[in-house]
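Dear colleague,

Please find below the structure that I am handing over to you. My findings follow directly after it.

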Amino acid sequence: MLERFYPKKQVDSAYEIPYKELYERGIRGVIFDVDNTLVPHGAPADERALALFQEFHQMGMKTCLLSNNKEPRVASFAGQVDSPYIYKGGKPGIGGYEKAMEKMGTERETTVFVGDQLFTDVYGANRTGIYSYLVKPIHPKEEIQIVIKRWFEAIVLYFYHRKCERESRES
C-alpha cells in the first residue's frame, strides 16, 4: 500500500543526479518541482539552477517546471532558467505531468521527475508512470501544511528505507 508513494530513487539534491548519464540512456525530458527542489521556497534562480538549465540546453535535454504554486511565482523562475512551465499543476493528479510531457515532446519512458515531496510530487509521477526522484528539501522553513505532511512522509520513508536495505542484502 505504501509503495505507491515510494520514489524510484532518493538522492540528497537535484544537483547530484547524473543527467548526462540519463540522457545517454534515452531520457529526453526532466520535469521539475521548483520550491525546495531547485531553490528555497520563493527564491529566484541561483547560480546552480542557472548552470543546470544551461547544461540541459546544451545537451538537448528538455525541461518543464510543474508546480502547484501560482503563475507569478512559477513564470518568474521559468523565465530565469528558460523553461516551459505549468502552474497550479494539480499534483498529484496525472494531468499536469501529461501536459508537461506534451510540452517537452516526451513519453513516459523518456521522462523523469524530480521533486521534494512524497504525497504530491512522487505520488503523482508514480501514478503517471514516470521514473521519480525524491530529493531532500533545500530549506527547512516551510508552510505549516507542508510541515505536517513531512511527519507522515517520515513514516513512509522509514518503510521505504527498510525495503531498500532488505533488497540490498538480498542482492
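A residue counts as partly exposed when its relative accessible area falls between the limits for buried, under 20%, and exposed, over 50%. Y87 has a relative accessible area of 34%, and it is therefore partly exposed. Y85 belongs to the partly exposed class as well, because its relative accessibility is 23%. Please note that the model is a predicted one.

Aromatic contacts

The structure contains 12 aromatic pairs. In the pair formed by Y85 and Y87, the ring centres are 6.5 Å apart and the planes meet at 40 degrees, so this pair is tilted. Ring pairs also join Y19, F32, F53 and F56 into a cluster.

Strand 2 pairs in the parallel sense with strand 3 (residues 62–66) over 4 bridges. Within strand 3, C64 is the bridge partner of I31. Between strand 2 and strand 3 the chain passes through helix 2 (residues 47–59), making a right-handed β-α-β crossover.

Strand 5 (residues 111–115) likewise pairs with strand 2 in the parallel sense, over 4 bridges. There, F113 is the residue that stands opposite I31.

With kind regards

Notes. Residues numbered from 1 in each chain as written. Predicted model: local features only at pLDDT ≥ 70, side-chain atom pairs only at ≥ 80, totals over all residues. Heavy atoms only, no water. Pairing = 2+ DSSP bridges. Helix = DSSP H or I, 4+ residues; strand = E, 2+ residues; numbered from the N terminus. Right-handed = clockwise from strand over helix to strand, strands pointing away. Phe/Tyr/Trp six-rings, centres within 6.5 Å; stacked < 30°, edge-to-face > 60°. Buried < 20%, exposed > 50% of the residue type's maximum accessible area, 1.4 Å probe, protein only.
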